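Subject: Handing over a structure

Hello,

Here is the structure I promised you. Please open it beside this email and follow along.

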Amino acid sequence: VHATFLLLIAWVALSYWLKADTKDSVSLRITDASGTLIRTMSGTQAAGLNRVWWDLRYDTTKETTLWTPPRYAPEIPVGAKGRHAPDEARLAVMVPPGTYTVTLSTGGKEMKQTVEVRKDPESGGSEAGIQAQTTLLLAIRDDMNAVVDLVNTIEKIWAQLVSFRATIGDDAARATAEAAADSLEQKFIAVEENLLQLKLTGRGQDDVRYPMMLLNKLGYLAGGVSAAEFAPTTQQLEVAAKLRADAQAAKAQFDGLTTK
């Protein structure tokens, strides 16, 4: 495995040669100096020279999977694999300067190569500032993933309640069962609607009609923090702490519903 760092366009070309076509999977794992896994990629399996490009970023944050139509827009279809939230915020944090190890695995064998990532010499930021920036961005990333996990879980529960209504018979207990399902659904919606804007359809100007909710607020904050290679401001740190508290409060509210 051979690694070439292209400084100007901030990509790493990870090149490897295979003697013959292989049916075994080819994976490339990238770890930092502490051994923490930060990225996993798949490679091609053809004989000869192969190349995978690394954009110097951590894995992207998780993606939402919605199992219900937008609120007040039941005509929006939901496919067999669900649907993704329009204008969903996702984040892929750029790695700070340092030494990284690429491990190529295939056919039960492993090969390793180190890659040195250097600070842009034209940047006015310091390496300490970039490290502080990365620390905050990774914390925001973790909060975004936690919010997505909550959304995805609530959506599954919501979809189960929709299915449950379709199975209720016409006996005297129907009204009671429907009322219980409606009540529970509204309690979960009350949690989810603070995490994600549930009214977005992807049409027209929905994204300017309705306010951003927690997931997109976190994404917006990450965009501001990563706009330049400097340490985050006091205000950005305060906003990050406020949004993390909001995420923790939503998780506590969700836990209260599921445990009771």
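Start with two helices: α1 and α2 cross in the left-handed sense. (Left-handed means that the near helix is turned anticlockwise from the far one by less than a right angle; right-handed means clockwise.) Helices (H or I, at least four residues) and strands (E, at least two) are DSSP runs, numbered from the N terminus.

Before going on, note that this is a predicted model: local features need pLDDT of at least 70, side-chain atom pairs count only at pLDDT 80 or more, and totals for chains, interfaces and linings use all residues. Residues are numbered from 1 along each chain as its sequence is written, and side-chain values use heavy atoms, leaving out hydrogens and water.

**α1 and α2**

The axes of α1 and helix α2 (residues 174-192) come within 10 Å. They cross at roughly 165 degrees. That makes α1 roughly antiparallel to α2. Axes are lines fitted to C-alpha atoms, for helices over the stretch in contact, and angles run from 0 to 180 degrees between N-to-C directions. Under 35 degrees counts as roughly parallel, over 145 as roughly antiparallel, 65 to 115 as roughly perpendicular, and the rest as oblique.

Which residues of α1 meet α2? Among them are V151, I154, W158, L161 and F164. On the α2 side, the list includes A177, A181, L184, F188 and I189. Contact means heavy atoms within 4.5 Å. By class, the residues of this contact are 13 nonpolar, no polar and 6 charged. (Ala, Val, Leu, Ile, Met, Phe, Trp, Tyr, Cys and Pro count as nonpolar, Asp, Glu, Lys and Arg as charged, and the others, Gly among them, as polar.)

**α1 and α5**

Helix α1 (residues 127-167) also meets α5. Their axes come within 10 Å and cross at roughly 25 degrees. So α1 is roughly parallel to α5. This crossing is left-handed too. From α1, the contact includes L136, A139, V147, L150 and I157. From α5, it includes L237, A240, A247 and F254. The class count is 11 nonpolar, 1 polar and 4 charged residues.

**α4 and α5**

Next, look at helix α4 (residues 214-225) and helix α5 (residues 234-259). Their axes come within 11 Å and cross at roughly 160 degrees. That makes α4 roughly antiparallel to α5. α4 passes α5 in a left-handed crossing. The α4 side of the contact is L214, K217, L218, L221, G224 and V225. The α5 side is Q236, V239, A240, L243, D246 and A247. Sorted by class, these are 8 nonpolar, 2 polar and 2 charged residues. A240 and A247 are also listed in the contact of α5 with α1.

**The sheet**

Now the strands. 4 strands form an open sheet, in the order β4-β3-β6-β7, with antiparallel pairing. β4 (37-42) and β7 stand at the edges, each with a single partner strand, so one side of each has no neighbour in the sheet. The twist averages 20 degrees from one strand to the next. Two strands pair if DSSP finds at least two bridges between them.

Go through the pairs. β3 and β4 share 5 bridges. Here L28 stands opposite M41 in β4. The β3-β4 hairpin has 5 residues between its strands, and G35 takes a positive phi near 90 degrees.

Strand β3 (residues 27-31) also pairs with β6 over 5 bridges. S27 stands opposite S105 in β6. What is the bridge partner of S105 in β7? E110 is.

Strand β6 (residues 98-106) and strand β7 (residues 109-117) are joined by 9 bridges. Their hairpin has 2 residues between the strands, and G107 takes a positive phi near 55 degrees.

R141 touches Y58, T61, L91 and V93, not counting residues up to four places away in sequence.

**The whole chain**

Zoom out. The chain has 5 helices and 7 strands. From the N terminus on, they run β-β-β-β-β-β-β-α-α-α-α-α. The radius of gyration (taken over C-alpha atoms) is 23 Å, well over the 18 Å that the globule rule (2.2 Å times the number of residues to the power 0.38) gives for 260 residues, so the chain is more spread out than a compact globule. Along the principal axes, the C-alpha atoms fill a box of roughly 70 × 50 × 40 Å.

Best wishes
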